[in-house]
Amino acid sequence: MSRQFHGSYTVAVTPFTADGSRVCVESLKRFLDWQLACDVPGIIMLGTTGEFLTVNDVERRAIVSATVEHVKGRMDVLVGTMNAHTPNAVRYSREAQELGADGLMILPPYYYTPTEDEIFAYYQAICEAVSIPIMLYNNPFTSNVDMSAQLVARLTKAFDNIRYIKEASMDVGRVFDIVEQTEGVMNVYAGERPVESFLLGAVGYVNPYGNYIPYSTSRMWDFLDAGHIDVAKHIQELAETINSTIAEGHPLYGHQCYSKALAAAAGYPVGDVRAPLTRFDELGKEGRERLDKMMPMMEEVEDYARRMMFERGLDDRAADIRQTANR
């Protein structure tokens, strides 16, 4: 457990071919090159944004293998290996480790509303099968389970490879509660409100915006580490303006299809979403108008981050800042 994760990690879309029938590995590689060029410190494959529920086992293996082989250690690779059936989660986790993933991000068993003891047994089975770090994923809105700070502390105490959590309960105060309950052992990654989460003790951000504004939202954490809270806060505000535009009228399906459309608008086409999610091309004129509205917002936040990196003297120090924060 010597590896330390820190900073803003893109929770990536899964690139598909135009008709959605296959994973597009070439598009994935181009997308990863973009992330690397933007100095993104880590990528998380097969999370909610990555439509993990629509990907079969053969595709899953191909995604993980292609990502690890293409990245070649230049950034951290985490893989979502959750499943409602414990043996499947164990199998996916073991496979990701064998393929060279640096860590796992794992939601508790979804749909069933399991008890805390059942959740504990689920993670125990996974921890007994792998040795790489595990990031718990607390998202009650998708899993129907809200892992309390007390349960997180119990898991942290019991298993040495559970040292990270994506906290996405929408209760930013939970960040502080987890740090307190685990006596600082658990490393919290924000699932939302990254600036506020940082101020309460978070060490990183699971970043959906990295799919279309990867430079600015990765640098946001560098600014936080360097003490430039004002700059980070403005980047967050600009990103949330984009998110608000997506969310207007589309609370359920907007995130994934617009993320892919915006990635394509930035020059990195990744196909569209799979059913049952609504495809971007099905939104018609409304979708195109929203896209046209958001593209200048994307340019604004990316340009702002580049300008602030230069003005604050951080353009050559970002990597050093992350390394210092890791110590």
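The legends below describe close-up views of a predicted model.

**View A. The largest nonpolar core.** In this predicted model, the largest nonpolar core comprises 108 residues, and those with the most contacts inside it are Tyr 123, Ile 134, Leu 136, Met 147, Leu 155, Ile 162 and Ile 242. Helix H12, spanning residues 284-311, contributes the largest share of this core, with 9 residues. In soluble globular proteins, nonpolar side chains tend to be buried together.

**View B. The surroundings of Ile 242.** Ile 242, which is among the residues with the most contacts inside the largest nonpolar core, touches Tyr 212, Ile 213, Leu 262, Met 294, Met 297 and Met 298, when residues up to four places away in sequence are not counted.

**View C. Strand S3 and its two faces.** Strand S3, formed by residues 76-80, is mostly covered, with 5 of its 5 residues buried. Asp 76, Leu 78 and Gly 80 point one way from the strand, whereas Val 77 and Val 79 point the other way, and all of them are buried.

**View D. Strands S2 and S3.** Strand S2 (residues 42-45) pairs with S3 in the parallel sense over 4 bridges, and within this pairing the bridge partner of Gly 42 is Asp 76 in S3. Together with helix H2 (residues 57-71), the two strands make a right-handed β-α-β unit.

**View E. Strands S3 and S4.** S3 also pairs in the parallel sense with strand S4 (residues 103-106), here over 3 bridges, and Leu 78 stands opposite Gly 103 in S4. From S3 the chain crosses through helix H3 (residues 86-98) to reach S4, in a β-α-β crossover that is right-handed.

Conventions. Residues are numbered from 1 along each chain as its sequence is written. This is a predicted model: local features need pLDDT of at least 70, side-chain atom pairs count only at pLDDT 80 or more; totals for chains, interfaces and linings use all residues. Side-chain values use heavy atoms; hydrogens and water are left out. A nonpolar core is a set of buried Ala, Val, Leu, Ile, Met, Phe, Trp, Tyr and Cys residues joined through side-chain atoms within 4.5 Å. Buried means under 20% relative accessible area, exposed over 50%, partly exposed in between (1.4 Å probe, protein chains only). Contact means heavy atoms within 4.5 Å. Two strands pair if DSSP finds at least two bridges between them. A crossover is right-handed if, with the strands pointing away from the viewer, the path from the first strand over the helix to the second runs clockwise.
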